[in-house]
Amino acid sequence: MAKEYKISTLRLKELEQELFYLKTTREKEVAEQIKEARSFGDLSENSEYDEAKNEQAKLYGRIAEVENILAHAVIIDETEQSSGKIGLGCTIKVEDVETGDEEVYAIVGSQEANPMECRISDDSPFGRAMIGHAIGDIVEVEAPVGSLKYKVLSVEK
């Protein structure tokens, strides 16, 4: 069975727009690059042609990847009433038990994860450990530096 990609409706729209751009505008640009490179003559020693063909291969690879994601997308229901438990689409505030540092994270699907923006995948060790816990719980997360403990301070849908 194919892998399911958990994404929000916003990310779904972004992917649909990207696919439309890749199949229309970008595909025409790459075809024009190939056409122009062919006009330079001998293809066996034509680096512009090789570069344009490589760009075309990357383009078709990205188109296939986006189509696969869209075909196997599972939309996260962000309107669902919060049960007080951490799940996909939740924003959580946690406190590091050792240091007392507080952090806010959004738990999202793997296609939307961006640790630099505190958007953590449900497939990550932190995300997996947090799923299903509620306010007040102490959650142990296995990390490369060892075991870390976090206290859940708030859960918002």
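**Close-up views of a predicted model**

A search of the whole structure finds two aromatic pairs; rings of Phe, Tyr and Trp (its six-membered ring) pair if their centres lie within 6.5 Å, with planes under 30 degrees apart counted as stacked, over 60 as edge-to-face and the rest as tilted. This is a predicted model, in which local features need pLDDT of at least 70 and side-chain atom pairs count only at pLDDT 80 or more, while totals for chains, interfaces and linings use all residues. Residues are numbered from 1 along each chain as its sequence is written, and side-chain values use heavy atoms, leaving out hydrogens and water.

**View 1. Tyr105, Phe126 and Tyr150 form one aromatic cluster.** Let's begin with the rings of tyrosine 105 and phenylalanine 126: their centres are 4.9 Å apart and their planes stand at 55 degrees, so this pair is tilted. Tyrosine 105 belongs to strand S4 and phenylalanine 126 to helix H3 (residues 125-130), 21 residues apart. Helices (H or I, at least four residues) and strands (E, at least two) are DSSP runs, numbered from the N terminus. Phenylalanine 126 also pairs edge-to-face with tyrosine 150, at 5.3 Å centre to centre and 90 degrees between the planes. Tyrosine 150 lies in strand S7 (residues 146-156), 24 residues from phenylalanine 126. Both tyrosine 105 and phenylalanine 126 are buried; buried means under 20% relative accessible area, exposed over 50% and partly exposed in between (1.4 Å probe, protein chains only). Tyrosine 150 is buried as well, at 11% relative accessibility.

**View 2. Five strands form an open, mixed sheet in the order S5-S4-S3-S7-S6.** Two strands pair if DSSP finds at least two bridges between them. S5 and strand S6 (138-143) stand at the edges with a single partner strand each, so one side of each has no neighbour in the sheet. Three bridges join the parallel strands S4 and S5, and valine 108 stands opposite serine 121 in S5.

**View 3. Cysteine 118 sits in the loop between strand S4 (102-108) and strand S5 (119-121).** Although not a glycine, cysteine 118 has a positive phi of about 60 degrees. Most residues other than glycine have a negative phi. Cysteine 118 is partly exposed, with a relative accessible area of 27%.

**View 4. Tyrosine 49 is found in helix H2 (residues 47-71).** Here the relative accessible area is 13%, so tyrosine 49 is buried. Tyrosine 49 touches Ile34, Ala37, Arg38 and Leu43, not counting residues up to four places away in sequence; contact means heavy atoms within 4.5 Å.
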